[in-house]
Amino acid sequence: MSTARRTSLIILAAVIILFLVSWFAKFSAVQNTGAPFGISVRDGFYITLAAFCSLAIFSFLYKDNPYYKFAEHLFVGISAAYWMCVGFWSTFVGNFIPKVSRTLSDFFEVPFKSFDIFYFIPLILGILLLLRLSNKYGWLSRWSLAFIVGTTAGLNLIRYLRSDFISQVSNTFVPLVVDWKGIDAFFSDFSLAANGQFIMILGNWVVFIGVFCGLVYFFFSKEHKGFFGTASRVGVWVLMITFGASFGYTVMGRVSLLVGRLTFLFGDWLGLID
Amino acid sequence: MKEILMVFLALLLAGGISSAGAQESAPPPDTGTLVVTPAPAPPAPVTNLNAKDKPNDHGAGVVVTWPPSADDVVGSTKVFGYAILRAATPEGPFLERGRVPIGEGVFEDQGSLDEVSPDYMADHVDYYYKVRVISPDTTVYADSEIIGPVQSSGQWFNTNKVPVLIFVLCFTTLAIFFINHARRGANLFIRPLAGIEAVDEAIGRATEMGRPILYVLGLGTASEIATIASFTILGRVSKKVAEYQTGLIVPCYDPIVMTVAQETVKASYLDAGRPDAYNDDMVYFVTQSQFAYVAAVNGTMLRELPATNIYMGKFFAESLILAETGALAGSIQIAGTDEVAQIPFFVVACDYTLIGEELYAASAYLGREPVLLGSLKAQDYAKAAIMILAVVGFLAANFGWVDFVNLFNVPSN
């Protein structure tokens, strides 16, 4: 037996022993709360398994290893099966059957709504998709794909046109000067508060110039030279500042996810946090 | 004798009435007797009630309007609000459909077309409405006259969306014009995009290193515009991969996306004259759980060590995890997404990033097909139109051209 293999086996044995110890400790802790024996065993196992899987995923920070692979495959397998079940019970049983068959609705114990022949269209398209498994009729699955991509692209065109195009344009219609009461009033009431006149005027200017220059950056039919080049560079600056702000904001969200996981490990598992 | 009896009774009755009147005006006697205070006068009822089918909806909606009650004035405390009641017949029973506070005179009775819903409201069926003016004492109210019958119905055309129709027609006309222009062989200029120029270079690098290319389509469904653009880029990449005989790995999050991706790669291998080299296992489904998918792709990156990672499509919280792992594996990375919140992560962790709209342009730039080029040109002209409209709208907002500004206020429904 090679040294590397022996080391791996020793580590595996240590992990198994640690798992069993943790399970027993967690079982005892849960039983001390007055829980029945069976529930204590089950909860102790679940918490220990979740903690070890979390640590296995964290071990990727060091390098790829068998424990990470185990957690990865477990996670992928369980989630794939889970989503397949969700798809069956929510889409097929939850939406389709109550609209096509009273007998099947009774069988699956879901309330029958009313017969709707249009629900057979997705059924047929779904069957056509499954024909991919056939070498002879696999080409028929392209009809379903064409339907899905075509109709949703058409629907999205309208949605995006309203939300991204027209709303974007209308939100750029901002007054250059907000609630102007004169130079004296402007300086006497000068404030850097968000609802102050200066910041509101500045905000409107930034919105207008930012949108205009951003659009210039995304104009592909012309080389970015001269005025176009300058406006494009301003557009890039606006984009990068926005991305920077977005980066910081999102990182904060990610840190909260990490805190959540650490809270589980140190609280639910180790019991170090109340 | 009879007269004496009549006078006695009259005096007795008069005495009773006067004593009752004295009790009303006098403070309540401290004898524990129940004293009935008169109910407050009800508020003035609503008049000129109006009810009609809700316009521009899919049905099951009626709009009820009314002028405020005469007692619904500033400073008055007689009106607490309005309750809107509906019945299937003028005789009732009337059921309350909602309430609105004082000062308001509109209520949208929005039901459901779902027959099993408790809020079911059938179209083309007579309904009758009345508005109840409620006083602070809810037992005191005044009902309006009953109005009806009124029927709800769905409309085929939503007139609120006429501006959208105009823009769609303009854009479609532009797209058809430029597509035909491109088909006639016109040289349509598109400025070079660094991220796209790098794709060919990255494929060449992978070929030289003898390592595969990892192509990630993101978490979007096949209906997302970003995913559709990504299919086009995948087609171009896989064609090059087939020509250079490099490996290709496409792990998919969505089963429909996987199916389309398989078709795309298969067609590209066919175009490249290498249908024999295509293998369905190149494009495979992983799972529809976000972080399980990430774990699997990360594992693939470190085990297969792809020379190039290409991320094109819709990405969410997994973007940085993927890009960081790819950087750790030493791969060249090219990313593109229209998900604004994720672009910063790709910018910091990838070698090249296609920002938003560039992703759509990339598909046309790589493909050089007349349809895509024409569409891209049409998009550019649409952007030019936005810039002009933005400037005009900016002036409109400053000079008070309200009609022009209102033209762009399209409701979401």
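Predicted model: local features only at pLDDT ≥ 70, side-chain atom pairs only at ≥ 80, totals over all residues.
**Entry 1: chain B overall**

I began with the make-up of chain B. It has 11 helices and 14 strands. I then looked up burial. Of the 413 residues in chain B, 40% are buried. Next came the contacts in chain B between residues at least 6 apart in sequence. I found that 69% of them join residues at least 24 apart.

**Entry 2: domains**

I looked up the domain assignment for both chains. In chain B, domain 1 covers 50-150 and domain 2 covers 188-368. I took the centres over C-alpha atoms, and these two lie 56 Å apart. In chain A, domain 1 runs over 3-63 and domain 2 over 175-269. For chain A the centres of domain 1 and domain 2 are separated by 47 Å, again over C-alpha atoms.

**Entry 3: the A/B contact**

How many residues does each chain bring to the contact? I get 53 residues from chain A and 53 residues from chain B. I then went through the side of chain A that touches chain B. The elements giving two or more residues to it are α3 (66-96), α6 (141-171), α8 and α9 (226-269) of chain A. The largest share comes from α6(A), with 16 residues. By class, I noted 32 nonpolar, 12 polar and nine charged residues on this side of chain A.

**Entry 4: a helix pair across the chains**

I picked helix α8 (residues 197-217) of chain A and helix α10 (residues 370-399) of chain B. Their axes are 10 Å apart, and the packing angle is about 160°. An angle over 145° counts as roughly antiparallel, so α8(A) and α10(B) are roughly antiparallel to each other. The crossing of α8(A) with α10(B) is left-handed.

Which residues make this contact? From α8(A) I listed A:Phe208, A:Val211, A:Phe212 and A:Leu215; from α10(B), B:Lys383, B:Ile386, B:Met387, B:Ala390 and B:Phe394. The contact of α8(A) with α10(B) has eight nonpolar residues, no polar ones and one charged.

**Entry 5: a helix pair within chain A**

I turned to helix α2 (residues 37-58) of chain A and its partner α3(A). Their axes come within 8 Å and cross at roughly 120°. The crossing of α2(A) and α3(A) is left-handed. On the α2(A) side I noted A:Cys53, A:Ala56 and A:Ile57; on the α3(A) side, A:Tyr67, A:Tyr68, A:Phe70, A:Ala71 and A:Leu74. I sorted the contact of α2(A) with α3(A) by class and got eight nonpolar residues, with no polar and no charged ones.

**Entry 6: a helix pair within chain B**

Next I looked up helix α4 (residues 225-244) and helix α5 (residues 255-271) of chain B. Their axes come within 8 Å, and they cross at roughly 35°. The crossing of α4(B) and α5(B) is right-handed. The α4(B) residues in contact include B:Phe231, B:Leu234 and B:Gly235, and those of α5(B) include B:Val257, B:Val260 and B:Ala261. By class I found nine nonpolar, five polar and two charged residues in the contact of α4(B) with α5(B).

**Entry 7: positive phi**

Most residues other than glycine have a negative phi. B:Asn56 has a phi near 55°. B:Asn56 sits in the loop between β1 (50-53) and β2 (61-65) of chain B. I counted 14 other C-beta atoms within 10 Å of B:Asn56, so B:Asn56 is partly exposed.

Is B:His124 buried or exposed? B:His124 is exposed, because it has 10 C-beta neighbours inside 10 Å and the cut-off for exposed is 12 or fewer.

**Entry 8: B:Ile332**

Last, I checked B:Ile332 in strand β13 (residues 332-337) of chain B. With 23 other C-beta atoms within 10 Å, B:Ile332 is buried. Which residues does B:Ile332 touch, not counting residues up to four places away in sequence? I listed B:Ala202, B:Arg205, B:Ala307, B:Thr308 and B:Asp351. I also took the separation of B:Ile332 from B:Val140. They are 192 residues apart in sequence and 76 Å apart in space, C-alpha to C-alpha.

Terms used: Residues numbered from 1 in each chain as written. Chains lettered and ligands numbered in written order. Helix = DSSP H or I, 4+ residues; strand = E, 2+ residues; numbered from the N terminus. Buried ≥ 20, exposed ≤ 12 C-beta atoms within 10 Å, placed from the backbone. Axes fitted to C-alpha atoms, helices over the stretch in contact; angles between N-to-C directions. Parallel < 35°, antiparallel > 145°, perpendicular 65-115°, else oblique. Left-handed = near helix turned anticlockwise from the far one by under 90°. Contact = placed C-beta atoms within 7 Å. Nonpolar A, V, L, I, M, F, W, Y, C, P; charged D, E, K, R; others polar. Domains from an automatic or database assignment.
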